[in-house]
Amino acid sequence: MKNRKIEISRRNFLGTVGTAAVGLTIVPGNVMGKSFGFVAPSDKLNIAGIGVGGMGRNNLRNMATTENIVALCDVDWAYAGKTFKDYPKAKQFKDWRIMFDEIGKSIDAVMVATPDHSHAGVTAHAMTLGKHAYTQKPLTHSVYESRLLTKLAKKYRVATQMGNQGNSFDWCRQVAEWIESGIIGDVYEVHCWTDRPIWPQGLAEPKGGVKIPKDLDWNLFVGSAKERPYDPAYTPWNWRGFWDFGTGALGDMACHIMDPLYWALDLKYPTSVMASSTISNLYSPPQAQMVTYTFQARKPKGNVKMPEVKVHWYDGGLLPDRPEELKDGEMMGDENGGIIFVGTKGKIMTGCYGMNPTLLPKSEMVYFKQPEPTIPRIKGGNGDIWATNAHEQDWIRACKESPDNRKESSSNFQFSGPFNEMVVMGVLAVRLSGLQGLQRELKWDGEKMEFTNISPNDKIKIVTVDNYSVVDGDPRFDRRFAEFNAKEMANEWIKHTYREGWSLPEMPKE
């Protein structure tokens, strides 16, 4: 019977949901009064958590202050055990497809905090069933997946939120207001950096062959990725350090750090990207990288022009040149990273999440008059970023409003979808521009989701083996490359080929 349930679930979700659900209207059993698309604030949503052993636990805690947590789904019940204890009445699942089969009608919304590669599959299918979605950053693993979630959210008119919690805080809005006020003139250059990775990267392919823990469903963890033997190197935490499951430091932290600049400068798709890094291989992101995005000029905002702007990213301990306005001993940003906006009249520096913005030199703050707030604040967005539920509660508010009159949550997918496309496109640039990669600035057509200056005959070489040893006192290097068609690899990384048995709903038409 258990195997039959799994097959039924696969048939329901992977074969027909993309078309059959279009004409479906699901009314959750606990809210007959929600049939008009409005939920009284006093009514509670029934929320299912999918991926609850790590950051998902914190998200659920911030939702549970006002709502019902009715289901918990995780492929590793040992890692998720502490969250199971938090909500003893919630039903427990390993496969989200079976969860929807069995209790889907009683679920109003989902919180998705699985590894990056499975964000899109879970979120997309949930939205086709009319479920509101809160999905951790990065929103998706690939460019195509980001575009898909953006369009599905619009089609099914559900409330959405990417889990870049800094987006709901006052700092992000304050930075935008400073720039719109013209205090530093027209911004033409931005530098942003992070202290990540704080997990291993640049790793060889794990050997596998280790016994699978009894509480882990390894097949479900691998999901849409290529099948491989279990190895403890992948999970429960270090999946970010492998291309098939994560997106490295750029994918993990750019959705936090670049958020204020993407918002303040009215960015969408870059026109080109350049990248360089330490040694990258076929399996794992590099230990450090630099990426430069170029965005074309945009419409002015008030009296401030929006000229072409170059956005520079650094991670793995790399930093931008130190601004001459900083005194010796003064930290750039904060211990987690930061941003420096360079304008025609001056500079703004922030910490991670856009925290604690300041003009440079800092002495200018003595004379600086804060502009009047013009961007609405989120309730709770002026407190400790780790001690408030502002981001989750802003999404919950949106879930309870009618689609016809909804004030969308701050990082809804119409904003965070294109934003995430930009982030993961930069991840691809790193993979294409490695040691033996494409020697050029890559031109990007955002609307078509393709690099336009990679020819069908271009080749890239990617490290597959990188060993070092000392024999009789002499170093021995064993670095091997495999050659790939660059165009084919770029297309595959833009839109992943899913493993057999896994799929996505079809892209909605305009």
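This report describes the strands, helices, nonpolar cores, aromatic pairs and cysteines of a predicted model.

## Basis of the description

Because the model is predicted, local features need pLDDT of at least 70 and side-chain atom pairs count only at pLDDT 80 or more, while totals for chains, interfaces and linings use all residues. Residues are numbered from 1 along each chain as its sequence is written, and side-chain values use heavy atoms, with hydrogens and water left out.

Helices (H or I, at least four residues) and strands (E, at least two) are DSSP runs, numbered from the N terminus. A residue is called buried under 20% relative accessible area, exposed over 50%, and partly exposed in between (1.4 Å probe, protein chains only).

An open sheet contains six strands in the order 3-2-1-4-5-6, with parallel pairing; two strands pair if DSSP finds at least two bridges between them. Strand 3 (91-93) and strand 6 (160-162) are the edge strands, each pairing on one side only. From one strand to the next, the twist averages 20°; for such angles, axes are lines fitted to C-alpha atoms, for helices over the stretch in contact, and angles run from 0 to 180 degrees between N-to-C directions.

Ala 48 has Val 110 of strand 4 as its bridge partner.

## Strand 9 and its antiparallel partners

Strand 9 (residues 289-295) is mostly covered, with six of its seven residues buried. Strand 8 (residues 272-277) pairs with strand 9 in the antiparallel sense over six bridges, and Ser 276 has Met 290 of strand 9 as its bridge partner. Strand 9 also pairs in the antiparallel sense with strand 12 (residues 309-315), over seven bridges. Here Thr 294 has Lys 310 of strand 12 as its bridge partner.

## The nonpolar cores

In soluble globular proteins, nonpolar side chains tend to be buried together. A nonpolar core is a set of buried Ala, Val, Leu, Ile, Met, Phe, Trp, Tyr and Cys residues joined through side-chain atoms within 4.5 Å. The largest core has 111 residues, and those with the most contacts inside it are Met 99, Met 258, Tyr 293, Val 311, Phe 341 and Phe 451. Helix 12 (residues 413-432) gives the most to this core, with 12 residues.

Contact means heavy atoms within 4.5 Å. Leaving aside neighbours within four places in sequence, Val 311 is in contact with several residues, among them Val 190, Met 258, Val 291, Tyr 293 and Phe 295. A second, separate core of 20 residues includes Val 52, Leu 72, Ala 80 and Met 111.

Helix 9 (residues 248-257) is largely enclosed by the rest of the structure, because 10 of its 10 residues are buried. Among these buried residues are Asp 252, Cys 255 and His 256.

His 391 is placed in helix 11 (residues 390-399). His 391 counts as buried because its relative accessibility is 1%. Leaving aside neighbours within four places in sequence, the contacts of His 391 include Tyr 134, Gln 161, Asn 164, Ser 168 and Ser 411.

## Aromatic pairs

A search of the whole structure finds 19 aromatic pairs. Rings of Phe, Tyr and Trp (its six-membered ring) pair if their centres lie within 6.5 Å; planes under 30 degrees apart count as stacked, over 60 as edge-to-face and the rest as tilted. Trp 218 and Tyr 230 form an edge-to-face pair, 5.3 Å centre to centre and with 85° between the planes. This pair links distant parts of the chain, 12 residues apart: Trp 218 lies in helix 8 (residues 218-222) and Tyr 230 in the loop between helix 8 and helix 9.

Phe 415 and Phe 419 form a tilted pair, 5.9 Å centre to centre and with 50° between the planes. Both lie in helix 12, four residues apart, about one turn of the helix. Phe 415 counts as buried at 19% relative accessibility, and Phe 419 is buried at 0%.

## The cysteines

The structure holds zero disulfides, a disulfide being a pair of cysteine sulfur atoms within 2.5 Å. The sulfur of Cys 73 is too far from the closest cysteine sulfur, in Cys 399, for a bond, because the distance is 19 Å. Cys 172 is also in no disulfide, and the nearest cysteine sulfur, that of Cys 352, is 12 Å away. Cys 73 counts as buried at 2% relative accessibility, and Cys 172 counts as buried at 0%.
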